Every structure is written in C-alpha cells, then in structure tokens.
Amino acid sequence: MTFQTKMKQNTELNYWLNIRDETDAKARVISDKDFDTPTTKHVDIILKNLRPEKTDAILELGCGIGRLMKPLSQHCDKIVGVDISDAMIGIASKYCYGVQNVFFKPMETDHTILMQNDGFDKAYSIIVLQHIEKYKATRLLMELCRILKLGGKVLVQYPNLLKCKKGYTNDIVAKLQMGDLIPRMEYYTKEEIEFVFDIAGLKILEVMDIDTDFYVLAQKVEQKKFVETVIIASTKLVNE
Ligand SMILES: C[S@@+](CC[C@H](N)C(=O)[O-])C[C@H]1O[C@@H](n2cnc3c(N)ncnc32)[C@H](O)[C@@H]1O
C-alpha cells in the first residue's frame with residue numbers, strides 16, 4: 001500500500017485532504033472572519049524574528065494556501081512550501097500564481113520532509129504542529145533541524161496550554177460532537193517546548209508569549225542522527 005493510500009485511510013488527515021475550493025481552504029486555515037488581520041500579524045512576527053535576507057532560502061512547513069509565503073516572498077531569494085494536502089497545494093499554486101520565487105512540494109510522509117539536509121537558511125511553521133500528535137510534531141521539528149543549514153533559524157508557533165483553558169475544554173466537547181470533522185488540537189507548556197527543541201538539536205533563542213500562543217525562535221547548533229536523538233531523549237526521561 002502506498003503512503004498516499006495509507007494517508008487517505010487516516011480519518012484525521014482527511015480533514016486536510018478533502019478541500020472543496022479556495023473558500024473552504026481559507027476557512028480551514030483561519031477560522032477568523034477577517035483573513036487579513038491574523039495574516040498581517042503572523043507576517044510581522046516572522047519578519048521581526050526570522051529577519052529574512054534577500055539571499056535566503058526559506059521553508060514553510062504546512063504552508064496551506066500560501067497566505068504567508070506570498071508576502072514573505074518579497075523578502076528572500078526563494079520560499080518553498082511543503083504540505084500534507086495535495087488539495088491545499090493545488091489552491092496555493094493558484095493563490096501565488098505569477099510569484100516567481102515561490103515553490104510547493106508535497107510531504108514525503110506525515111512526519112518526513114522530502115528535502116535534502118542543510119538546504120535552507122530559515123524555516124517556519126504557523127498553526128500546523130498544533131494539529132499533529134505530539135510525537136509526530138517532535139519528529140517534524142527534527143526534520144526542520146535537518147533541512148536547515150548549521151546556524152540557520154526556525155520560528156514555530158504552539159498554542160499556550162495555560163492561556164487556552166477555554167479552547168481546550170471546548171475542543172473536548174467539539175471533538176465528542178463532531179469527531180474528525182474538526183481538526184486535532186494539541187496545547188503546549190513552555191517546559192514541553194524546551195524539551196522537544198532540545199532533543200531536536202535546536203537551541204532556543206527566545207520563547208515569545210503572544211496572545212494565546214508561544215512563538216519559539218531557535219537556531220540549528222548541531223546535526224544529530226535520528227537514532228542518537230531518540231537515545232538522548234529516552235535517557236533524559238529515565239534520569240528525570
Ligand atoms: C491551519 S493550516 C495553516 C496553513 C499555513 N501555515 C498558514 O498559516 O496559513 C494547517 C496546514 O497544515 C497542513 N498539515 C497538517 N498536517 C500536516 C503534516 N503532518 N505535515 C505537513 N503539513 C500538514 C494542512 O494540510 C494545512 O494546510
């Protein structure tokens with residue numbers, strides 16, 4: 001069975017795979033009625049922290065329709081969006097039509113990125129890891145580390161568990177009522193974030209607490225082998 005076929009059997013992923021049109025895709029990216037306000041806010045946070053340069057190659061993990069890539073493309077050499085959903089990538093290609101330095105690629109699997117090691121100066125992921133099981137989200141963080149050049153920077157957003165108490169309980173009720181018709185939601189504490197960045201080989205430069213989210217700016221300081229990372233992580237747990 002191919003990975004694509006397996007993915008289609010994963011009902012949780014179907015939320016992202018079954019996109020009807022651009023309006024439907026936009027609604028799944030930002031549930032806010034106003035699409036532009038959160039988009040401007042996210043672009044500002046990325047510009048201020050990742051500080052893209054005109055020579056930079058940037059990767060967005062879980063690019064959706066490319067709403068962030070389009071404005072950010074003006075600030076770098078090239079920007080590549082990867083996403084699990086072919087439907088999202090199809091809409092993103094139309095949404096960014098005519099922008100010469102924007103490229104889209106499907107994921108290899110739901111936790112591996114089909115890109116070589118050390119190819120990107122910067123990477124970011126906004127409103128994505130919150131929809132993924134924590135062990136796979138950690139695996140994806142390791143992937144972001146792998147595709148970055150040494151010294152490269154990454155910016156990742158996570159919902160702050162302590163600021164989302166209402167959302168957290170609402171999600172439990174909504175999941176009971178709607179099941180896989182709504183996406184999975186995962187909330188994080190600062191301690192969890194520090195743990196997963198450490199095992200991924202990413203040195204945290206700053207954890208920003210903005211509204212109900214954490215935005216984590218980190219740097220690739222070493223290239224760990226996957227097996228090595230897992231051994232270090234389990235040793236840490238045993239020693240706690
Ligand atoms: C809420 S949207 C955010 C899109 C974009 N980052 C933005 O802020 O506009 C979440 C995106 O993550 C993608 N996604 C979900 N699971 C993924 C995975 N395992 N790997 C890559 N992309 C994934 C979905 O297909 C969807 O496009």
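**Note on the predicted model**

1. Ile127 is partly exposed, because 18 other C-beta atoms lie within 10 Å. The cut-offs: a residue is buried with 20 or more other C-beta atoms within 10 Å of its own, exposed with 12 or fewer, and partly exposed in between, with C-beta atoms placed from the backbone. Ile127 sits in the loop between strand E4 (120–125) and H7. Its phi is near 50 degrees, a positive value in a residue other than glycine. Most residues other than glycine have a negative phi.

2. Basis. This is a predicted model, in which local features need pLDDT of at least 70, side-chain atom pairs count only at pLDDT 80 or more, and totals for chains, interfaces and linings use all residues. Residues are numbered from 1 along each chain as its sequence is written.

3. Asp211 counts as exposed, because it has 10 C-beta neighbours inside 10 Å.

4. Overall form. The chain has 10 helices and seven strands. These are DSSP runs numbered from the N terminus: helices are H or I with at least four residues, strands are E with at least two. The C-alpha trace spans about 50 × 45 × 45 Å along its principal axes.

5. Of the 240 residues, 36% count as buried. Among contacts with a separation of 6 or more, 66% join residues 24 or more positions apart. A contact requires C-beta atoms, placed from the backbone, within 7 Å.

6. Core. Which residues touch the most other members of the largest nonpolar core? They are Ala123, Leu141, Leu144 and Val154, in a core of 61 residues. Helix H7 (residues 134–147) gives the most to this core, with seven residues. A nonpolar core is a set of buried Ala, Val, Leu, Ile, Met, Phe, Trp, Tyr and Cys residues joined through C-beta atoms within 7 Å. Leaving aside neighbours within four places in sequence, Leu144 is in contact with Leu61, Ala123 and Val154.

7. Helix H6. Met88, Ile89, Ile91 and Ala92 are the buried residues of H6 (residues 86–95). They lie on the same side of H6, because they cover an arc of only 165 degrees around the axis. The arc is that of the directions from the helix axis to the C-beta atoms. These buried residues pack against helix H2 (11–17), helix H3 (22–29), strand E2 (78–83) and strand E3 (102–106).

8. Ligand. It is surrounded by 19 residues, and the closest are Trp16, Gly62, Gly64, Ile84 and Ser85. Near means a C-beta atom, placed from the backbone, within 6 Å. The shell divides into 12 nonpolar, four polar and three charged residues. Here Ala, Val, Leu, Ile, Met, Phe, Trp, Tyr, Cys and Pro count as nonpolar, Asp, Glu, Lys and Arg as charged, and the others, Gly among them, as polar.

9. Gly201. This residue lies in the loop between helix H9 (190–200) and strand E6 (202–210). Buried or exposed? Gly201 counts as buried, because it has 21 C-beta neighbours inside 10 Å.

Terms used
Contact = placed C-beta atoms within 7 Å.
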